[in-house]
Every structure is written in structure tokens, then in C-alpha cells.
Amino acid sequence: DTCIGVDVIVGFPGEEEEDFLKTYEFINSLNISYLHVFTYSERPNTDALKINRVVPKEERSKRSKMLHILSDKKKRSFYEGFMGDRRPVLFESYKNEKLIGHSDNYIKVEVNGPKELINTIRSVKLIKNQGGSAQGIICKWALYNMIRLESISKAYPSGDLFSNVNIFLKRGMRAGLVGPNGAGKTTLLKIMLGEESPDSGNILK
């Protein structure tokens, strides 16, 4: 599941065409996810300036473009392996009416949702590979962080089912709902799953 990025410099003095092609083929053979491509540029007071075989800037640009295309292919292939999966996503920004964040394995994800979810983690189903990002939908239920029920109440015409229920569960915790028939165990579970709404109280996920 790990996303692996690789830094590579192209056009370093002395880099012949054959050297670059060997680099390209080697990177292509690796099971990596994307590249950070840096085009060599001269800097004062560096030893590289003493190397006479300078790669022309046009050639550096050409080689850089080839590696950027390879990086895009690697990233698309990596993303494709997770389409249909659910991943925890940390939402970091909001742009063009979409929440943007990264999954636990560094897939860039875009979803429709309120900007109030920035700086929160939600379970997201990845549904479409867009190359540079994955389109997703926020899942209704997942204990990636926690679930907190605050003062939850539910009543039917026959009377109160339960009132002022408070529950706090972190990921990995186990809990059981115990009580006689008609105590509201199934209804409470449906509320936790988002299948029913309480009459009052707050649900935080």
C-alpha cells in the first residue's frame, strides 16, 4: 500500500544520452509511485561547474519532460490499484467547491463536501482515477478516528425509547449493547450507522 516517491536529477554535467536512457529504463523497472524530477542548473561556487561536458539546456528540458511523463504513468498506475477501496483521508484545503486531501498512503483525493471538514480525517471510497488525483465519496460510517454520541434521545408515539445517551468510542475499541427487548439497542445502532436520526443530541465522527 505504500506510496514511494523518488528524486532524480537530469542533465547533470557529463550525462550522456546513453546514461540518461539507462536511468530511464532503470526507473521504469522500479515499483515506485511517482518522481520528483529536478533539471540541473548551474550554481556559482560548485564543483559541477568544473565539469566540461555540459548538457545543452534544450536537451535537459527534453529529458526532464520524458521523466515527468513517466512519473504521471507511475502515479496513475499506483492510484488505479486502490479504486473501489476505502481509505482514511485528511482534508487539507478547499478549492472549486471540493475538499482536497491525502489518504494514509498519499493518494491525492478530491470529494464533494463542506469546508468545515478541513483538518479532519474521514473514510473515503475512491471511485475514479483522475491521474493527478482520485475522486472519492465520503463514507457514512467508519471508525478511523472515533465516534461520539452526546445526549442522544429518541422517542416514538408510545413514549421515550431512550434519552441523554452518551457514548465515546475510539478506533479499536469494542463495545456491546446490552438490554431487554424494546430497550432501543437496534435503534441506537442504526443511529450510530447513520441509518436513523435521533430526536435530539449530537453525533460526531
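In helix 2, the buried residues are Glu 59, Arg 60, Arg 63, Ser 64, Leu 67, Leu 70, Ser 71, Lys 74, Phe 78 and Tyr 79. Buried here means under 20% relative accessible area, exposed means over 50%, and partly exposed is in between, with a 1.4 Å probe and protein chains only. This is a predicted model: local features need pLDDT of at least 70, side-chain atom pairs count only at pLDDT 80 or more, and totals for chains, interfaces and linings use all residues. Residues are numbered from 1 along each chain as its sequence is written, and side-chain values use heavy atoms, with hydrogens and water left out.

Helices and strands are DSSP runs numbered from the N terminus, helices being H or I with at least four residues and strands E with at least two. Helix 2 covers residues 57-80, and its end C-alpha atoms are 35 Å apart, which agrees with the 34 Å that 24 residues should span at 1.5 Å a residue. That expected span is 1.5 Å times one less than the number of residues.

What do the buried residues of helix 2 pack against? The partners are strand 1, helix 1 (17-29), strand 2 (34-39), strand 5 (108-111), strand 6 (121-129) and strand 7 (134-138). Contact means heavy atoms within 4.5 Å. Tyr 79 is also one of the contacts of Ser 133, along with Lys 108, Glu 110 and Lys 128, leaving aside neighbours within four places in sequence. Ser 133 is in the loop between strand 6 and strand 7, and counts as buried because its relative accessibility is 6%.

Now the salt bridges. The structure holds eleven, each defined as a side-chain nitrogen of Lys or Arg within 4 Å of a carboxyl oxygen of Asp or Glu. Glu 17 pairs with Arg 63, the closest N and O atoms being 3.4 Å apart. Glu 17 lies in helix 1 and Arg 63 in helix 2, so this pair ties together parts that are 46 residues apart in sequence. Arg 63 is buried at 4% relative accessible area, while Glu 17 is partly exposed at 34%. Both belong to a network of salt bridges that links Glu 15, Glu 17, Glu 59 and Arg 63.

Next, the whole chain. The protein chain has three helices and ten strands, in the order β-α-β-α-β-β-β-β-β-β-β-α-β. The C-alpha trace spans about 90 × 30 × 30 Å along its principal axes. How does the radius of gyration compare with that of a compact globule of 205 residues? The globule would be near 17 Å, but the protein chain has 26 Å. The radius is taken over C-alpha atoms, and the globule rule is 2.2 Å times the number of residues to the power 0.38. Of the 205 residues, 34% count as buried.

Last, strand 8 (residues 146-156), where Leu 149 lies. Leu 149 counts as buried at 1% relative accessibility. Not counting residues up to four places away in sequence, Leu 149 touches Val 165, Asn 166, Ile 167, Leu 188, Met 192, Asn 202 and Ile 203.
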